[in-house]
Amino acid sequence: KSRSISYDATASDLKSALEQMPYVNNVEVRREVVDDNPDGFLWFVTFTTNVGPQPSFSIDTSNLIGLNPTGLSITRDVPGELPDDYSVIFVQDPSITSLNLTDLETGKIYYVRISSMADEGKRVSLPTPPSECAPGGVPGQVKPPFMRAFDNETVL
């Protein structure tokens with residue numbers, strides 16, 4: 001549940017309220033005036049860091065007054081989808097400070113995100129540096145050095 005949001009909130013106000021909710025993380029918010037109703041708005045919310053399907057929004061109109069305080073609707077234009085091969089690893093033990101990712105494919109790009117969860121259920125997601133990485137190949141056997149003459153005084 002978000003904090004109370006004013007009827008005339010700006011896109012920045014809604015963004016701030018949503019990003020303070022548990023599990024939301026970062027969003028992009030756009031507000032447009034409805035052509036046939038200058039007092040009405042269309043809101044577009046895009047979840048930029050919390051991947052996958054999002055829970056449904058609901059609107060509490062109990063504190064709204066005006067000509068049509070219940071004339072609200074929510075539609076979902078583009079449902080969230082998890083990326084291919086998406087996986088989550090939950091570490092419950094707070095004493096664990098590192099984790100080895102295994103069975104990675106050489107040359108395939110992986111994205112890593114670390115989130116912490118407090119007792120209240122809120123989490124902050126931080127990209128790990130580098131947040132995008134591709135495992136290199138398995139190193140081969142070391143080859144003996146090769147030298148050649150560059151000129152009469154220099155060896156390469």
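Q: Which residues does Val91 touch, not counting residues up to four places away in sequence?
A: Leaving out neighbours up to four places away in sequence, Val91 touches Ile96 and Leu99. Touching here means a contact, that is, heavy atoms within 4.5 Å. This is a predicted model, where local features need pLDDT of at least 70 and side-chain atom pairs count only at pLDDT 80 or more, while totals for chains, interfaces and linings use all residues. Residues are numbered from 1 along each chain as its sequence is written, and side-chain values use heavy atoms, with hydrogens and water left out.

Q: Why is Val91 called partly exposed?
A: The relative accessibility of Val91 is 39%. Buried means under 20% relative accessible area, exposed over 50%, and partly exposed in between (1.4 Å probe, protein chains only), so Val91 counts as partly exposed. You will find Val91 in the loop between strand E2 (37-47) and strand E3 (110-117).

Q: What makes Asp103 count as exposed?
A: Asp103 has 75% relative accessibility, and therefore counts as exposed. Asp103 lies in the loop between E2 and E3. Its phi is positive, about 60°, although Asp103 is not a glycine.

Q: Which residues in helix H1 are buried?
A: In H1, which covers residues 11-19, the buried ones are Leu14, Ala17 and Leu18.

Q: What makes the buried residues of H1 line one face of the helix?
A: Looking down the axis of H1, the buried residues fall within an arc of 95°, so they line one face. The arc is taken from the directions from the helix axis to the C-beta atoms. As background, an α-helix has 3.6 residues a turn, so residues three or four places apart point the same way.

Q: Why is Arg3 called partly exposed, and where does Arg3 lie?
A: Arg3 has 40% relative accessibility, so Arg3 counts as partly exposed. Arg3 lies in the segment before H1. Not counting residues up to four places away in sequence, Arg3 touches Asp13, Ser16, Ala17 and Gln20. From Arg3 to Leu18 is 15 residues in sequence and 8.5 Å in space, C-alpha to C-alpha.

Q: How do you know that the charged end of Arg30 sits over the ring of Phe44?
A: The charged end of Arg30 is 4.1 Å from the centre of the Phe44 ring. A charge sits over a ring if NZ of Lys or CZ of Arg is within 6 Å of the ring centre and within 35 degrees of the ring normal. Arg31 lies over the face of Phe41, at 3.8 Å from the ring centre.

Q: Where in the protein is confidence lowest, and where is it highest?
A: Strand E4 (residues 123-133) has the lowest confidence, with a mean of 57, and H1 has the highest, at 89. The score is pLDDT, the predictor's confidence in each residue, from 0 to 100. For the protein the mean pLDDT is 75, and 76% of residues reach 70 or more. Where pLDDT is low, the predicted coordinates should not be read in detail.

Technical notes
Helix = DSSP H or I, 4+ residues; strand = E, 2+ residues; numbered from the N terminus.
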